[in-house]
Amino acid sequence: MSKTTLIDYPNLLDDALVKAAQKGDMVAFEELVGRHRDKIYARAFSMLRNEDDAVDLSQEAWVKGWQRLVQFHGDSSFATWMTRIVINLCLDQLRKQKRVRTDSIDQLEEGMGGVERQMPILNPNPTAGLERSELRQRIDKALAQLSYEHRTVLVLHEFEDLEYKMIAKKMQCSIGTVMSRLFYARRKMAALLAGLKREE
Amino acid sequence: MRAEKWRPCSQDSSGRNNMNIDQTVKLQAYLDNEVSSAEARETAAWLARDPDARQLAEELTLVKKLMAEGEVAVKLPESREFHWSKIQRGIAQVEPRSEVRRSRAPWWARILGPVAAAAAVVLLMVASGSFDVFRLKSVAGGAQEIETEEPTDDSGAITFRSHREGMTVVWIPSGR
């Protein structure tokens, strides 16, 4: 006589769900999607700044996640592993977009030294007294105004805590380029947060 | 870059920062803990004697600190069910899951599987009356030891005899 075991998926930890999904359990994988879908979408949106593209790429990331699930050995959390997948997809997408457009003024400025280096240094804190949610809104608004190279390097360094070397590898550029992009991005952010630079 | 190469950050009459890019990115790397301990000591010493560099360091640190406050909470603009249905379709299109399952079969199952299949084929041949397979009047290395006899009537029976073992087996297929 066969014995049926009911699995309480919502109460399982990620590790257990991943193990079940690795054995082909789609319900376990659906639970993982349910838990982390907002985080994966948010990362895609922070890099692409386009809702439709972010939805499509986060969906694609989950499909790739399922395909590569056997390669996940728990070296990081499942959420971190999935975030890396969506970041790589976003970078591919951004590279494709870059190929079909001409150099932006931002890139030209970066090559010449940039206007950011010439901006006066800000002091004191232009965001002092803001509520946390208000501050986050302001940071998000400022991020949206950066070029994708500057935004990406900031997201990878500040939100994903990646080191210069890893960022360079992901963005397929030199560490020197990462350092200069990060510098310009921070200076621009400082100016935007202080309201010194008019919105584009 | 060595600390001696750092020059005091100068600003023009409009307050613009004229520090060169090599200096600034090195300062930033120091703030991000991306320099060696020797470079860190040199940069710290340079910061201690240059107020302009300190001011820039404060700004970079401030942005870093503000970013650490986190991101705006963004939610997926579609329901869980709808999102999952699209993912399911995507999975169905790109990969038959059987490939993954096969790779996870234990080693003994991967070996026994083909052996069992071959045995099943032999048994089927026997059951279907393909007796020629067993028409071994002699077997290499044991010519006088093993004999088989093909059926001589409609019963389909086959006899296997081993002189060494002193054994005789008569196979009578069912369904005859």
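1. Ground rules. The model is predicted, so local features need pLDDT of at least 70 and side-chain atom pairs count only at pLDDT 80 or more, while totals for chains, interfaces and linings use all residues. Residues are numbered from 1 along each chain as its sequence is written, chains are lettered from A and ligands numbered from 1 in the order in which they are written, and side-chain values use heavy atoms, with hydrogens and water left out.

2. Make-up of chain B. The chain has 6 helices and 3 strands (DSSP runs numbered from the N terminus: helices are H or I with at least four residues, strands are E with at least two). From the N terminus the order is α-α-α-α-α-α-β-β-β.

3. Burial and surface of chain B. Of its 176 residues, 29% are buried (buried is under 20% relative accessible area, exposed is over 50%, partly exposed is in between; 1.4 Å probe, protein chains only). The accessible surface is about 11,200 Å², and carbon and sulfur atoms hold 57% of it (Shrake-Rupley method, 1.4 Å probe; for residues, only the protein chains shown count as cover).

4. Contacts in chain B. Take the contacts with a separation of 6 or more: 29% of them are between residues 24 or more positions apart (contact means heavy atoms within 4.5 Å).

5. Salt bridges between chains. The whole structure has 16 salt bridges over all chains (a side-chain nitrogen of Lys or Arg within 4 Å of a carboxyl oxygen of Asp or Glu). One of them pairs Asp32(B) with Arg186(A), at 2.9 Å from N to O. Asp32(B) sits in the loop between α1 (21-31) and α2 (37-49) of chain B and Arg186(A) in helix α9 (residues 175-193) of chain A, so this pair joins two chains. Asp32(B) and Arg186(A) are both buried. Glu59(B) bridges to Arg187(A), with the closest N and O atoms 2.8 Å apart. This pair also joins two chains, because Glu59(B) is in helix α3 (residues 51-67) of chain B and Arg187(A) in helix α9 of chain A. Again, both Glu59(B) and Arg187(A) are buried.

6. A bridge within chain B. Glu39(B) and Lys26(B) form a salt bridge, their closest N and O atoms 2.6 Å apart. It links distant parts of the chain: Glu39(B) is in helix α2, Lys26(B) in helix α1, 13 residues apart. Glu39(B) is partly exposed at 21% relative accessibility. Lys26(B) is buried at 13%.

7. Asp14(A), Glu31(A), Arg35(A) and Arg80(B) belong to one network, joined by salt bridges that share partners.

8. Lys86(B). This lysine lies in helix α4 (residues 80-94) of chain B. At 13% relative accessibility, Lys86(B) is buried. Beyond its neighbours within four places in sequence, Lys86(B) touches Val55(A), Gln59(A) and Glu78(B).

9. Positive phi. Arg49(A) is not a glycine, yet its phi is positive, about 55°. Arg49(A) sits in the loop between α2 (26-48) and α3 of chain A and is partly exposed at 22%. Gln172(A), also a residue other than glycine, has a positive phi near 55°. Gln172(A) is in the loop between α8 (164-171) and α9 of chain A and is exposed at 58%.
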